[in-house]
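Visitor: Please show me the model, and then I will ask about it.

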Amino acid sequence: MANESTRVNAPGLVSGKGWHDQDHVPGIKSELLELNMGPQHPATHGVLRLLLQTDGEIVYKVTPVLGYLHRCAEKIAEGVNYKQWVVYTDRFDYLAPMCCNHAYVTAVEKLMGQSVPERAEHIRVAVSELSRIASHLIALATFGLDMGAWTPLLYCFREREEILNLLERISGGRMLYNYMIPGGVRYDVPNDNWVADVLDFVDLMEHNKLPEYNTLLTYNKIFIERTADVGVIDAKTAVDYGCTGPVLRGSGVDFDCRRDDPYSVYHKFDWQVQLGRGEMGTTGDCWDRYIVRAREIEQSCRIIRQALQQLPEGPYQALALKAIVKAPAGAAYTRVESAKGELGHYIISDGGQTAFRNKVRSPSFCNLQVVEKVGVGQMVSDLVALVGSLDIVLGEIDR
Amino acid sequence: MEQNAIYELLAGALGDGALGYNEHALEPWADVAPAKVVEACRFLRDDPRLGFNQLMCLSALDWDGLDEAGKGKSTAILGYTDDGQPETSDRVGTGDLGVAYHLYSHALRHKFTLRLRVPRDVAAVPTVSGVWTTAAWHEREAWDLMGITFTGHADLRRMLLDDAWVGHPLRKDYVMPGTWNGVPLQGQPYCANPFPVETGGPDQPAGDKPAEG
């Protein structure tokens with residue numbers, strides 16, 4: 001639907017009047033229609049409900065209705081100790097739980113002043129990036145599916161399965177890992193050739209699979225027509241609405257926590273931040289957000305290769321770690337680049353073994369708000385493209 | 001820019017609206033008067049030396065049970081008794097509520113933290129959604145879960161809970177309802193581990209003891 005005429009002619013956006021106010025067809029009355037997109041809708045990626053006001057195919061107002069998955073995890077955090085809450089972070093972004101684990105343990109370690117062995121940090125980076133690839137694969141696959149491309153879904157899930165197998169071998173869980181703890185990781189790298197298998201997979205991904213996706217989907221003429229120039233988020237809007245991650249970088253803002261607010265051992269590796277450049281249309285359109293994710297897979301492969309090739313010997317947990325973790329009184333905000341964007345934790349400690357307050361700033365929550373602005377004036381089918389390109393996950397929106 | 005230099009600029013612009021600066025903390029923060037928060041945020045965003053164009057996070061806080069120095073005992077969370085009934089309490093929270101703003105500048109690559117406190121019974125803070133639009137949803141969430149009213153907010157409705165929900169769950173003196181729309185809200189107490197584990201097994205790191213109480 002990247003047809004220029006349909007969007008420019010979206011009636012009433014300037015004058016405040018739409019089709020329903022005009023006498024296009026004498027004798028036929030038209031009015032705004034209220035339409036529910038979701039909560040059970042294949043194109044909303046979870047139990048999200050969008051309340052639309054439409055005039056024909058044009059969207060006049062988008063109101064996201066949230067909370068179908070709300071568990072008040074922040075309240076639970078005040079009742080369980082620091083180690084026990086790691087398992088709840090898995091359930092935030094259940095497509096990339098390692099990144100959520102990483103964000104939370106980083107925050108607790110900052111509060112505790114706990115140092116982490118180098119080997120643990122390398123393992124963390126490797127599994128986080130594997131998780132990021134898995135999440136981005138789902139993003140590419142379901143985005144293609146929203147645009148009517150069935151086949152890439154099967155290809156992407158095939159590679160994701162490999163990642164789940166690798167992560168199962170190191171953590172014991174297929175999808176929810178509970179793998180990191182403050183001060184290290186729960187288990188060392190298994191001695192069944194895991195590192196070599198990951199390196200093989202990364203090579204395969206980078207040299208064989210990504211070119212395959214590009215042929216199938218990225219440079220497909222139909223796909224480009226559906227996504228280029230659609231749902232354009234300019235850089236100013238993206239920052240103002242608190243967008244982060246691939247959504248922000250797709251709009252051409254050169255920012256990535258891994259490089260600009262470094263944590264863990266990312267500073268040791270050689271990789272590049274990927275930006276949307278408007279190659280197929282306007283900077284910040286749906287295709288740009290797609291291509292940023294596709295290229296980030298390649299960069300994640302580079303990071304994993306370096307992290308595992310330089311994997312140092314030594315302990316995988318801090319030796320001084322006590323059975324019950326206690327943090328001195330204080331407050332700290334830390335943020336980590338998860339697969340969806342900037343995942344922040346604001347933890348206030350009163351000196352005990354549970355957090356006094358644990359506020360989670362989830363990237364999907366902030367990224368979704370932008371549909372209230374950018375979704376207006378689009379065709380309904382372009383709204384599907386916009387929501388698909390934001391790559392939200394409802395587990396961390398509703399928390 | 002250094003944190004204390006940022007605070008000096010802010011204090012110069014705000015006058016008596018800047019209430020203090022805590023520089024010995026792990027993460028320094030500035031206290032501002034609630035009535036002056038919009039002015040402070042606008043200054044922090046628009047001054048070319050500061051340029052805080054991103055609101056990273058807006059957190060609603062409940063200081064009940066904690067003294068000024070951050071020491072104290074967190075208030076016990078009410079759960080359920082052994083027969084599945086919700087525990088009740090007559091305790092009324094007395095501490096202040098608060099809001100924390102975490103800011104970041106993309107151009108200058110520095111961060112800053114603003115905090116404010118409001119009394120519990122008149123918890124109203126001017127909205128900063130006119131400064132950063134992202135605050136609109138953060139503030140709706142803060143109203144929903146902590147019950148802080150943001151004056152001037154265009155659309156202050158419940159966000160994550162049902163529109164008809166009573167109370168604000170993140171407050172320390174919140175009492176869970178026994179039922180909701182006829183559905184009993186029963187469960188395990190938050191602190192009890194329903195699956196107690198033996199520690200010290202071959203694959204079990206030493207730290208996985210069940211929580212105490």
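Visitor: Is E129(A) buried or exposed?
Guide: This is a predicted model, in which local features need pLDDT of at least 70, side-chain atom pairs count only at pLDDT 80 or more, and totals for chains, interfaces and linings use all residues. Residues are numbered from 1 along each chain as its sequence is written, chains are lettered from A and ligands numbered from 1 in the order written, and side-chain values use heavy atoms, without hydrogens and water. Buried means under 20% relative accessible area, exposed over 50%, and partly exposed in between (1.4 Å probe, protein chains only). Because its relative accessible area is 0%, E129(A) is buried.

Visitor: Which side chain makes a polar contact of 2.5 Å with the side chain of E129(A)?
Guide: E129(A) lies in helix α5, residues 118–146 of chain A; helices (H or I, at least four residues) and strands (E, at least two) are DSSP runs numbered from the N terminus. A polar contact is a pair of N or O atoms within 3.5 Å; within protein, one must be able to donate a hydrogen and the other to accept it, and residues adjacent in sequence count only if both atoms are side-chain atoms. The side chain of R132(A) is joined to that of E129(A) at 3.1 Å. At 2.5 Å, the partner is Y266(A).

Visitor: What is the area buried between chain A and chain B?
Guide: Contact means heavy atoms within 4.5 Å, and 58 residues from chain A and 58 residues from chain B take part. Buried area is the accessible area (1.4 Å probe) that two parts lose on being put together, summed over both. Carbon and sulfur atoms give 56% of it, and the total is about 4900 Å².

Visitor: How many salt bridges are there between chain A and chain B?
Guide: A salt bridge is a side-chain nitrogen of Lys or Arg within 4 Å of a carboxyl oxygen of Asp or Glu. R109(B) and D260(A) meet in one, at 2.9 Å from N to O. Between chain A and chain B the count is five.

Visitor: What pattern does chain B follow along the sequence?
Guide: Of its 213 residues, 46% count as buried. Chain B has three helices and nine strands. Read along the sequence, the pattern is α-β-β-α-β-β-β-β-α-β-β-β.
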